[in-house]
Amino acid sequence: LTKLNYDKYIHISTIEVYNNTSAKNKTFEKTKIRPLYLSKYGFNKYLSELIVQKIASRWLILRLTGMVGEYMKKNPVFDMIPEHILNS
């Protein structure tokens, strides 16, 4: 892997990298992650975090909640999409 040549790399991830997302005290930054027990989506996001940490000298990983999911109608991504596109 080649090192990234940026001042800082910001990576958008998800709380799905935690094995238990049902309680706030299970989603702390220092919580041990057991990759073999993650969903396919959580595992892929966890791998992408590891890649960023490996190739970026300075990085920031943001683990957001409620970004994707079946039947979602509201979140930051939807807020950026113009209404005429959502209603087409």
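Biologist: Is Leu64 buried, exposed or partly exposed, and what is its relative accessible area?
Modeller: Leu64 is partly exposed, with a relative accessible area of 31%. Buried means under 20% relative accessible area, exposed means over 50%, and partly exposed lies in between (1.4 Å probe, protein chains only). This is a predicted model, in which local features need pLDDT of at least 70 and side-chain atom pairs count only at pLDDT 80 or more, while totals for chains, interfaces and linings use all residues. Residues are numbered from 1 along each chain as its sequence is written, and side-chain values use heavy atoms, leaving out hydrogens and water.

Biologist: Which element holds Leu64?
Modeller: Leu64 is placed in strand 2. Strands (E, at least two residues) and helices (H or I, at least four) are DSSP runs, numbered from the N terminus.

Biologist: In which sense do strand 1 and strand 2 pair?
Modeller: They pair in the parallel sense, over six bridges; DSSP must find at least two bridges for two strands to count as paired. The chain passes from strand 1 through helix 1 (residues 40-55) to strand 2, and this β-α-β crossover is right-handed. Right-handed means that, with the strands pointing away from the viewer, the path from the first strand over the helix to the second runs clockwise.

Biologist: Which residue in strand 2 stands opposite His11?
Modeller: That residue is Ile61.

Biologist: New topic: how many salt bridges does a search of the whole structure find?
Modeller: The search finds one, where a salt bridge is a side-chain nitrogen of Lys or Arg within 4 Å of a carboxyl oxygen of Asp or Glu. The side chains of Arg63 and Glu49 form this contact at 2.6 Å, N to O. Arg63 lies in strand 2 and Glu49 in helix 1, so the pair ties together parts that are 14 residues apart in sequence.

Biologist: Is Glu49 buried or exposed?
Modeller: Glu49 is buried, at 1% relative accessible area, whereas Arg63 is partly exposed at 25%.

Biologist: What percentage of the 88 residues is buried?
Modeller: Buried residues make up 20% of the 88 residues in the protein chain.
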